[in-house]
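Have a look at the model below and try each task before reading on.

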Amino acid sequence: MVEIPAELVEAQVRWGGAAGREFIEGLPGRVAEFLGRWGLRETGPGMHGMTALVVPVERADGTPAALKLLVPDEESVGEPVALRAWDGRGCVRLLEHDAVTGTLLLERLDEGRHLSGLAERDSRAAVRVVGELLARLTSVAAPEGLRGLGEMAAAMLAEAPRAAGRLADAGERRLLRDCAAALAEVAGEPGDRLLHWDLHFDNVLAGAREPWLVIDPKPLSGDPGFELLPSIVNGFRADEVGWRFDLLTEAAGVDRERARAWTLGRVLQNCLWEVEDGEEELPEREVVVAELLLGR
């Protein structure tokens, strides 16, 4: 029987409530079901994030793979759609998918080699890898039915005035409003590219058929400029914000001014989440990025 990591149990119980407990209780049976259904053999202990269990397996022909079990939600439900559209070009390859449970069988990558390891040694090289991967991923048009950046931007703009009013510092209130103003300039043209939405260094793994491949998309339809912030703030160093933005826009081949506006929109999104969680001050890294892109 598969061992369920204690950290995954804790996260699901804390954030998922009754649904999280039900997911955890059903995991051993679901693992057994899909091992049998897809002719798999478990080859090691399970890995996990906050929302999913990933079991290393081997297919009947000896091919290594990864069985991913999760509770589909608004963010993850589009993962198989995106992976099919990309078809392994710059990302992990989807081998099987069960639409009822959301269970995925994925190409096995090297879970011990994240791009974050390269970033610790050479952050410029890691940022360039992300930019080049973004260029490939966003060359694909978003399939029908995915969440759209236009609706997301409209919701952020509607929420921004109320959130700004809850901040204690007048300068931060102005910063939040300026981010919203920048977003408003581009929100009417949200774009139609297939976005990953969560492309930071730990969501890039080493592969056998390509040096680096992307995992774990939370896909959107929208403008590629909305993709840059995770790799600007990942392993945050204030003195690297400027060149990271420049390198990402160059490597991804995106319009610099639109990317500036959409990155400020992404800053706004992160700040709105913080305010929603009860914070009365903006995160330092978001303030640093916003001030640089606003020319302060």
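**Exercise 1.** In this predicted model, find which residues of α9 and α10 meet, then work out how the two helices are oriented to each other.

*Solution.* 
1. Helix α9 covers residues 256–276, and its axis lies 10 Å from that of α10, at an angle of about 155 degrees.
2. Angles over 145 degrees count as roughly antiparallel, so α9 and α10 are roughly antiparallel to each other.
3. Finally, check the handedness: α9 and α10 cross in a left-handed sense.

**Exercise 2.** Turn to α8 and α10: at what angle do their axes cross, and which residues make the contact?

*Solution.* 
1. Locate the helices first: α8 spans residues 241–252 and α10 spans residues 284–293.
2. Their axes come within 10 Å and cross at roughly 65 degrees.
3. The range from 65 to 115 degrees counts as roughly perpendicular, and α8 and α10 are therefore roughly perpendicular to each other.
4. For handedness, the crossing of α8 past α10 is right-handed.
5. Then list the contact: α8 contributes V241, G242 and F245, while α10 brings V288, V289, L292 and L293.
6. By class, this contact of α8 with α10 holds 6 nonpolar residues and 1 polar residue, with no charged ones.

Technical notes: Residues numbered from 1 in each chain as written. Predicted model: local features only at pLDDT ≥ 70, side-chain atom pairs only at ≥ 80, totals over all residues. Heavy atoms only, no water. Axes fitted to C-alpha atoms, helices over the stretch in contact; angles between N-to-C directions. Helix = DSSP H or I, 4+ residues; strand = E, 2+ residues; numbered from the N terminus. Parallel < 35°, antiparallel > 145°, perpendicular 65-115°, else oblique. Left-handed = near helix turned anticlockwise from the far one by under 90°. Contact = heavy atoms within 4.5 Å. Nonpolar A, V, L, I, M, F, W, Y, C, P; charged D, E, K, R; others polar.
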